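Q: Please take a close look at the pockets of this predicted model. What lines them, by residue class and by element?

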There are 2 protein chains.
Amino acid sequence: MTVTIKDIAKQAGVSITTVSRAMNGYRDIHPETRKRVLQIAEEMNYRPSGIARSLVMKQSKTIGLIISEMTRSRTGHHFLFDVISGVNDRAMALGYDLILATTSPDEQHMVPYMELCHRRQLDGVILSGVRTKDPYLQEVLDSAIPCVLIDVPLLGKTCSHITLDNRKGAQQAVEYLIRSGHRRIGFINGHREAFVSEERLLGYQHAMEEAGLKGEWVFYGDFDDASGREGVCHLLEKDPDLTAFFCASDLMAVGAMRELEGMGKKVPQDVSVIGFDDIDLAHYVTPMLSTVHQPRYRFGTQAVDVIVGMLEGEQGKSVVLEPELLIREST
Amino acid sequence: MTVTIKDIAKQAGVSITTVSRAMNGYRDIHPETRKRVLQIAEEMNYRPSGIARSLVMKQSKTIGLIISEMTRSRTGHHFLFDVISGVNDRAMALGYDLILATTSPDEQHMVPYMELCHRRQLDGVILSGVRTKDPYLQEVLDSAIPCVLIDVPLLGKTCSHITLDNRKGAQQAVEYLIRSGHRRIGFINGHREAFVSEERLLGYQHAMEEAGLKGEWVFYGDFDDASGREGVCHLLEKDPDLTAFFCASDLMAVGAMRELEGMGKKVPQDVSVIGFDDIDLAHYVTPMLSTVHQPRYRFGTQAVDVIVGMLEGEQGKSVVLEPELLIREST
DNA sequence: TTGTACGCGTTATCAC
DNA sequence: GTGATAACGCGTACAA
């Protein structure tokens, strides 16, 4: 038997209205009464029902974190955990509960999405892992419920996004390689459906052009280590004289290093490798991987802040975090 | 304006009762009517409110995943992500929503715990990261709501747990080292407040005794790589002739390897190292780490299954998963 | 300062 | 087969 305000009311000899007022800290109530009510509530071990409250208040104090392809891609692991962690911490701190959900790209016809939103009356939603041309992105935009996209640059009245300055990050990495004397630099990118891939490519190209370097050695992988290996093979085949690789993920960078080792090339003596993300792995591998750091945890906390901002009437906005180039042993 | 069954009722010219029946697939309703109602619902883009439903049904179709010290310990990362992933997938598949929450050991006087349970009317709860002597464990046990503990061997009417056969896992690892000819084997354990630590110690001791080995070289760390390094120093100081280390986590094992390298010892030529967990990192480091595999994802899926089982009236039970020794390059 | 009464969106129990 | 109507637990005009 869960105890409700009605029980408390009876016990305290007042009406439920009074109990409700006491609980919610209204001032137009006799201090004596409030004290008594509060004490009785305490004694009876009363716990308010968020469910009932949501129903009448029309807001659930809940935000949803929807992740695309969470399980499928081993890749996401390192990135996602910190994002989840950040979202969770910030949401809790602000008094929101967090509902976690996932979609596969196939079934994400917005059906499960909108359904979840209404079913749980989500106050706001954070989307991660969405591909640029996901069919239901438009629906998200049209929807009235505030949402923030991670790494997808959509903007709307109730739609914000948060991302890293990927172009700048890539540019810094490549510029560093160039300053280190490299001229023939391969770029192992992520898949084409990721917005970040476009941006990182732009950064790569820009840095190369600025330095007056002509060639363009680009391979499209899938962010995982296997495609890092592929990338090395593929690019080296096109040009055996490459002396450096910039990879769009640490996992691909590690794969690249392993492949290079297998081919008898030393990192960083013979060829330099630089990654992207700065996952834990980056400083556990040998040689320790130079990389572009992403403040993943902050992606999460900021996402929540942006949502709450929109809940308070702010327009959708664009948050761009700063990358940070970390030089370790692989360059 | 969210559309409710009332709107549909009006539109269809029937009562809300009929609508409700149509939606929930009752049979005592005219096929024609049901069809019409369903179609109108579809047209109006109706989404049922789980909130309202929960209120009257007294069950929310929601399970909570409560993680202790999620952010604080970098250690948990690799273990937790897969657990979360498993819980999420299985919960979704079974029609449950997942609420994620965290506690710090300081403030976990059950207040936030029980509060969350009632606030969201959780049908069941999964706890991870709890330390053996957390004060509020008892409360969890007493509570009427079904819960399953991960890696804490409590049992009750509505309380199950799920864990690995840690003793066997440790034993297998140490036995392997012994079979490989090692006699002086150090054990770098996790902290004392973890149940798994006790079990792994037992496994280590058992294997040593079985082989008639007398010495016992044990160090208590904290599961992270830093304490792996410490462990090596500490134990080697006590006995410079140790030729192998069994570590209660992969992270500690990696730390141990790094420390050994720093001391000029080759792994595995001079000394063998074996870890526990089988996190991704294990096969990215050089040399690739031999370790005891934990089916983390299954921890998650099983946990959900157990909860649902209890929801259907089953008693609390104990699920023990099988470890698997993975031999790679560090031994 | 306090109480009455209504509504939030559903399901369930009755009648009809 | 279908429709009132009463819950579910809470917030809140409006009265008193």
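A: In the class counts, Ala, Val, Leu, Ile, Met, Phe, Trp, Tyr, Cys and Pro are nonpolar, Asp, Glu, Lys and Arg are charged, and the others, Gly among them, are polar. By that scheme the lining of the largest pocket holds 20 nonpolar, ten polar and seven charged residues. A pocket here is an open set of points on a 1 Å grid over the protein atoms alone, where a 1.4 Å probe fits, with protein on both sides within 12 Å along at least five of seven lines; lining residues have an atom within 4 Å of a point.

The model is predicted, and totals for linings use all residues, while local features need pLDDT of at least 70 and side-chain atom pairs pLDDT 80 or more. Residues are numbered from 1 along each chain, chains are lettered from A in the order in which they are written, and side-chain values use heavy atoms, without hydrogens and water.

The largest pocket has a volume of about 1400 Å³, a volume being the space filled by probe spheres set on grid points joined across faces, edges and corners. Its lining comprises 37 residues, and nearest its centre lie Thr2(A), Arg47(A), Pro48(A), Ser49(A) and Gln121(B). Helices are DSSP runs of H or I with at least four residues, numbered from the N terminus. H4(A) contributes the most to this lining, with five residues.

H6(A) gives the largest share, three residues. By class, this lining has 16 nonpolar, nine polar and four charged residues.

Note on methods. Helices (H or I, at least four residues) and strands (E, at least two) are DSSP runs, numbered from the N terminus.
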